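Subject: A structure to look at, with notes

Dear colleague,

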Amino acid sequence: MGLKEKFGRIGVLMAGPSTEKKISLKSGHAVCAALQESGFNAVPVLIKTDKLKDNFRLLRLKKIDCAFIALHGKFGEDGGIQKILNDLNIPYTGSGVRASRLAMDKVSSRKIFREHGLKVPRSEVLDRNTYRDFDCAKLGLPLVVKPATHGSSIGLSIVGRSEDLPAAIDLAFKFDKTIIIEEYIKGRELTVGILEEKAMPVIEIVPKHAFFDYQAKYLKGLTRYVVPAKLSPGLTRKVKEAALSAHKLLGCFGCSRVDIILDGKNAPFVLEVNTIPGMTATSLLPKAAKKTGISFSALCLKLIKLAYEKKKS
């Protein structure tokens, strides 16, 4: 039996109910096109809601044999869709329920990182009952304010003046009931893709803006990427080890992308693990894969193969 017959009908899950719907559609359409061009029976599956019954009905209706998850943000990366696919006995790409949930929750994941010796920024976790007690002097300025469970820099602010803090807090609360206020670590922005439990080339992100915000991530020409990052061999090894440790500590599978800040003393601080990285030909994980000789279509295929391997184990 050839691969095309073995994999059967591949549903590329995209859109979703989160604030990252537009990004998900870009990833999903890119993956679907790549798989179709390689001769596989891939179909787009537009997820519109996080309601269990609706998604059970939709996935049964689509009659897919395997799912390529291209859903970013809530429901796609927090274990929600993974739980449904488990219940339907459908193999799927990426991490399982627990690892997805942990990675999406920056509070829980950072606690695990800290307990195992990885450096993370000092921070305060606040809700609507406790945020008024926060004192800027605890962490100093500037500060990073962000929702606890969102990606793509949505709802994130860099605060340089104490009078700007209330507006940043209000913005973060629009996206989550829990927010994180953390120290701003000035340094080099790096990201490390993990594929098959191995760290790929380190990428340095050089935004034209003050930081790597939503616009810098998704508008052409606002960011320069250095692949591989210009680091010494020893420092490259240290950054890769930190990224791979973060991936493994959460129990991630298949692939992930780990965001890191390298401070002025060359210490890597782990910011977060993305269990479903962007998946267009110009996204960061595919950029790193390309540097190792893996094309975008080959990367998509590899992730499908890993989905079936995970199902067997």
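This is a predicted model: local features need pLDDT of at least 70, side-chain atom pairs count only at pLDDT 80 or more; totals for chains, interfaces and linings use all residues.

Residues are numbered from 1 along each chain as its sequence is written, and side-chain values use heavy atoms, with hydrogens and water left out.

Phe75 is buried, with a relative accessible area of 7%, where buried means under 20% relative accessible area, exposed means over 50%, and partly exposed is what lies in between (1.4 Å probe, protein chains only). Its phi is near 75°, a positive value in a residue other than glycine. Asn89, in the loop between α4 and α5 (97-104), also has a positive phi, near 60°, but Asn89 is exposed, with a relative accessible area of 52%. These values deserve a second look because most residues other than glycine have a negative phi, and most peptide bonds are trans.

Another cis peptide bond joins Val227 and Pro228, with omega about -5°, and Pro228 has its place in the loop between β10 and α9 (233-249).

The loop between β4 (123-127) and β5 (143-147) also holds Lys138, which is partly exposed, with a relative accessible area of 43%. If residues up to four places away in sequence are not counted, Lys138 touches Arg122, Glu124 and Asp133, a contact being heavy atoms within 4.5 Å.

Now to the helices: which residues of α3 are buried? In this helix, which covers residues 52-62, they are Asn55, Phe56, Leu58 and Leu59. Seen down the axis of α3, these buried residues fall within an arc of 165° (taken from the directions from the helix axis to the C-beta atoms), so they line one face of the helix. On the other side of α3, Lys53, Arg57, Arg60 and Leu61 are exposed. The cover over the buried residues of α3 includes β1 (9-15), β2 (41-47) and α4 (80-87), and just after α3, Lys63 takes a positive phi of about 50°.

In helix α10 (residues 284-291), the residues Leu284, Leu285, Pro286, Ala288 and Ala289 are buried. Among the elements that cover them are β8 (187-195), β9 (198-207) and α11 (296-312). Just after α10, Gly293 takes a positive phi of about 95°.

Finally, for the chain as a whole, there are 11 helices and 12 strands, and 56% of the 313 residues count as buried. Among contacts between residues at least 6 apart in sequence, 66% join residues at least 24 apart. The C-alpha trace spans about 65 × 45 × 35 Å along its principal axes.

Key. Helices (H or I, at least four residues) and strands (E, at least two) are DSSP runs, numbered from the N terminus.
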